[in-house]
Amino acid sequence: MGAETEMSDVEFAIVIENLVKKYDDLIAVNDVSFKIKMGEIFAFLGPNGAGKTTTVEILEGIRKKTSGKAYVLGKDIDKRKEMDSLRKIIGTLPQEFSTHDNLTVTENLKFWSRMYPKNLPIEQLIALVKLEDKAKTRCKNLSGGLKRRLGIAISLVNDPVLVFLDEPTTGLDPRARRETWEVIEDLKKQGKTVFLTTHYMEEAHVLADTVAIIHKGKIMDIGTPTQLIDRHGGENKIVVRCNDQETRDKIHDLLFTYGPLENEDGDIVISAKKGILSKVVDLLDENKVNYTDIVTQRPTLEDVFLSLTGEVLVVDEKISENA
Ligand SMILES: Nc1ncnc2c1ncn2[C@@H]1O[C@H](COP(=O)(O)OP(=O)(O)O)[C@@H](O)[C@H]1O
Ligand SMILES: [Mg+2]
């Protein structure tokens with residue numbers, strides 16, 4: 001049976017069973033088990049130090065596990081021969097990725113393409129990451145966001161079935177991040193399976209079919225974004241927007257029995273228990289409160305993370321200057 005036939009028989013791109021990785025006393029990956037379906041975008045969501053890169057690099061055959069089992073595209077990570085053949089059919093964008101700065105975009109892609117027997121045409125790679133205008137630009141003159149997109153193109157030189165993208169948008173400004181999301185969505189449309197790591201809640205929500213939340217080496221839960229929010233997000237919220245402190249104080253007083261909180265925009269937030277929205281609106285109108293808007297909000301993956309870990313996922317935002 002040829003490699004191609006074998007692969008189409010694999011229902012799961014990745015199967016991990018009780019994976020453990022210890023660095024001396026530190027348990028970086030703590031009894032992790034999950035499966036990733038072929039063709040999906042999977043997001044490994046967690047803060048710095050959660051164990052994302054360690055897991056990814058064990059699956060890529062770069063780091064050694066301590067115990068447990070894992071199969072990537074049906075290949076057993078314990079079998080050296082299988083891993084040698086696996087490397088030819090996966091793509092990777094490492095967290096610490098760098099380009100050859102004096103080479104152009106095209107030259108970089110040619111350089112990496114030579115490493116593999118099977119290649120995608122360079123023009124196709126450039127089109128996939130929307131770098132047509134920059135094909136002849138030297139990498140040192142690319143912004144951070146464009147460099148990252150070139151990194152994704154490099155991960156695709158061998159037309160892989162499965163791509164690992166380790167924090168592909170960390171440090172990018174919001175616009176560059178969104179452009180990268182489009183590229184990642186296109187990978188899925190091409191039929192590729194994407195294993196993404198991120199500490200951005202919104203990124204996981206927007207892109208992923210399945211999200212696994214990892215914290216201190218442990219999987220806290222796994223599911224679609226909606227499933228996770230339904231399970232752990234808590235109730236919807238009612239947000240009363242207001243512009244001035246006087247109004248804010250007045251709303252606080254009027255809604256006192258609902259336990260009002262204030263969000264970072266200075267809006268008043270209460271839990272949207274059934275039937276209270278109309279009561280709140282009436283109360284504010286009767287008292288002629290000059291609020292700007294009143295909306296209900298679904299909980300987000302941020303609420304899920306908080307509820308699962310008791311911690312707020314703090315992102316150390318170092319946006320690269322030229323991103
Ligand atoms: N080579 C290493 N030696 C010792 N500790 C490591 C090593 N690599 C990672 N760690 C530790 O393992 C934990 C998980 O790290 P990592 O997998 O890089 O997490 P993430 O990618 O989620 O930020 C962290 O506490 C980190 O400091
Ligand atoms: Mg990492």
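Colleague: How are helix 6 and helix 7 oriented to each other?
Modeller: In this predicted model, the axes of helix 6 and helix 7 (residues 174–189) come within 9 Å and cross at roughly 15°. Helix 6 and helix 7 are therefore roughly parallel to each other, a label for angles under 35 degrees, with over 145 being roughly antiparallel, 65 to 115 roughly perpendicular and the rest oblique. Axes are lines fitted to C-alpha atoms, for helices over the stretch in contact, and angles run from 0 to 180 degrees between N-to-C directions. Helices are DSSP runs of H or I with at least four residues, strands are runs of E with at least two, and both are numbered from the N terminus.

Colleague: Which residues meet there?
Modeller: G144, G145, R148, R149 and I152 of helix 6 meet A176, E179, T180 and V183 of helix 7; contact requires C-beta atoms, placed from the backbone, within 7 Å. By class, these residues are three nonpolar, three polar and three charged. Ala, Val, Leu, Ile, Met, Phe, Trp, Tyr, Cys and Pro count as nonpolar, Asp, Glu, Lys and Arg as charged, and the others, Gly among them, as polar.

Colleague: At what angle does helix 4 cross helix 6?
Modeller: The axes of helix 4 (residues 105–113) and helix 6 (residues 144–155) cross at roughly 30° and come within 9 Å. The contact involves V105, N108, L109 and W112 from helix 4, with L150, A153 and I154 from helix 6. It has six nonpolar residues, one polar and no charged.

Colleague: Changing topic, what surrounds ligand 1?
Modeller: The shell consists of Y23, L26, A28, G46, N48, G49, A50, G51, K52, T53 and T54, where near means a C-beta atom, placed from the backbone, within 6 Å. Strand 2 (26–37) and helix 2 (52–59) are the elements giving two or more residues. Helix 2 contributes the most, with three residues.

Colleague: And how does strand 4 pair with strand 1, parallel or antiparallel?
Modeller: Strand 1 (residues 12–23) and strand 4 (residues 67–72) are antiparallel over five bridges; pairing requires at least two bridges found by DSSP. E17 has K69 in strand 4 as its bridge partner.

Colleague: What about the hairpin of strand 4 and strand 5?
Modeller: Two residues lie between the strands, and L73 takes a positive phi near 50°. V72 is bridged to K75 in strand 5.

Colleague: Which conventions apply?
Modeller: Residues are numbered from 1 along each chain as its sequence is written, while chains are lettered from A and ligands numbered from 1 in the order in which they are written. Local features need pLDDT of at least 70, side-chain atom pairs count only at pLDDT 80 or more, and totals for chains, interfaces and linings use all residues.

Note on methods: Contact = placed C-beta atoms within 7 Å.
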